[in-house]
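Here are my notes on the model you sent. Please read them alongside the coordinates.

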Amino acid sequence: MYTSSQSAPVIMVSGANRGIGAAIVRDLLQHGYRLSLGARDVAKLEAAFGAPGEMLRYHRFDAFEPETAKAWVDATAADFGRIDGLVNNAGSGEQVLLTDDNEEALDRLWAVNVKAPLRLTRLCLPHLEETGRGRIVNIVSMSGKRVRNGFVGYNMTKFAVMGLTHTTRHVAWEKGVRATAICPSFVRTEMSSYTSKVKPEDMIQPETMAELVRTAIELPNNAAMAEMLVNCRLEDML
């Protein structure tokens, strides 16, 4: 728990207004972090977490508008004077099957799930390197480790984010930056509401995901976790 606001690390969180993102925000705030939140609708952030202040700032971020990423990072650095961590949580679960001929939907998935996290990573890296212990946490999916359905668009993009995470680890390791991919199966959020394979009460809870994110942020540089695979049902993981 950080007791001084001036010494508290500054974490950027995308897709923060609901689901896993909202749980991450509440957990980090409770533990004294300063947060910069990005979402397409800033009003929803204020409705969810109250008025902005010393510990909390809101910014518009739209994966389809690259300029909003730069504006968000620049404003965060100006507001707080530093950036210690980035949580790439925003994602799309739009369903594109192998037999679908829907290039527009596939482009949307790549824009949200891959290009936006890559863009934010590039923009944040100089700030994260300056701290000597910067952190990037990418909320991926078990669909980035194995395939159990026909949603080829989602699966392809999640495998790509795993590539982004490991590339980031190699590129930024010597500057003290650690990148972690957290890969859950079904989480009790709106995105998992389509399935009947697992009862909602048996799914991973968003609050559990938030604790794992904070763990990845707080681990020391010499105990980095590249991947966290999170199951709510038994799977053979090779």
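1. **E94 and its partner.** In this predicted model, the side chains of E94 and R108 are joined by a polar contact of 2.6 Å. E94 sits in the loop between strand 4 and helix 4 (103-131). Its relative accessibility is 27%, so E94 counts as partly exposed. Setting aside neighbours within four places in sequence, E94 contacts A105, R108 and L109. G153 is 59 residues from E94 in sequence, yet the two C-alpha atoms are 8.0 Å apart.

2. **Salt bridges, overall.** How many salt bridges does a search of the whole structure find? The count is 13. Side chains of opposite charge can pair when their charged atoms come close.

3. **The buried pair.** D27 and R214 form a salt bridge through their side chains, at 2.5 Å from N to O. D27 belongs to helix 1 and R214 to helix 6 (residues 206-218), so this pair ties together parts that are 187 residues apart in sequence. Both D27 and R214 are buried.

4. **The network.** Salt bridges link R40, R60, D62 and E65 in a network. Within it, R40 bridges to D62, with the closest N and O atoms 3.4 Å apart. That pair connects distant parts of the chain, 22 residues apart: R40 is in the loop between strand 2 and helix 2, and D62 is in the loop between strand 3 (56-60) and helix 3 (66-80). R60 and E65 also meet in a salt bridge, at 2.8 Å from N to O.

5. Is R40 buried or exposed? At 56% relative accessibility, R40 counts as exposed. R60 counts as partly exposed at 39% relative accessibility. E65 is also partly exposed, at 25%.

6. **R135, a buried charge.** R135 lies in strand 5 (residues 135-139). R135 is buried but has no salt bridge. The nearest side chain of opposite charge is D84, 9.1 Å away. What lies 3.2 Å from a polar atom of the R135 side chain? The backbone oxygen of R133 does. Beyond four places in sequence, R135 touches several residues, including D84, L86, R178, P220 and N221. Please check this side chain by eye.

7. **Strand 1.** Why is strand 1 (residues 10-14) largely enclosed by the rest of the structure? Five of its five residues are buried, so the strand is largely enclosed. V10, M12 and S14 point one way, while I11 and V13 point the other way. In a regular strand the side chains alternate between the two faces of the sheet.

8. **Strand 1 and its neighbours.** Strand 1 pairs with strand 2 (residues 34-39) in the parallel sense, over five bridges. In that pairing, L37 is the bridge partner of V13. Strand 1 also pairs in the parallel sense with strand 4 (residues 85-88), over three bridges. There, M12 stands opposite L86. A right-handed β-α-β unit is made by strand 1, helix 1 (residues 19-30) and strand 2.

9. **The ends of helix 2.** D41 caps the N-terminal end of helix 2 (residues 42-49). A side-chain oxygen of D41 lies 3.0 Å from the backbone nitrogen of A43. After helix 2 comes G50, with a positive phi near 90 degrees.

Conventions:
Residues numbered from 1 in each chain as written. Predicted model: local features only at pLDDT ≥ 70, side-chain atom pairs only at ≥ 80, totals over all residues. Heavy atoms only, no water. Buried < 20%, exposed > 50% of the residue type's maximum accessible area, 1.4 Å probe, protein only. Helix = DSSP H or I, 4+ residues; strand = E, 2+ residues; numbered from the N terminus. Pairing = 2+ DSSP bridges. Right-handed = clockwise from strand over helix to strand, strands pointing away. Lys, Arg positive; Asp, Glu negative; His and termini not counted. Salt bridge = Lys/Arg side-chain N within 4 Å of Asp/Glu carboxyl O. Polar contact = N/O pair within 3.5 Å; in protein donor to acceptor, adjacent residues only side chain to side chain. Contact = heavy atoms within 4.5 Å.
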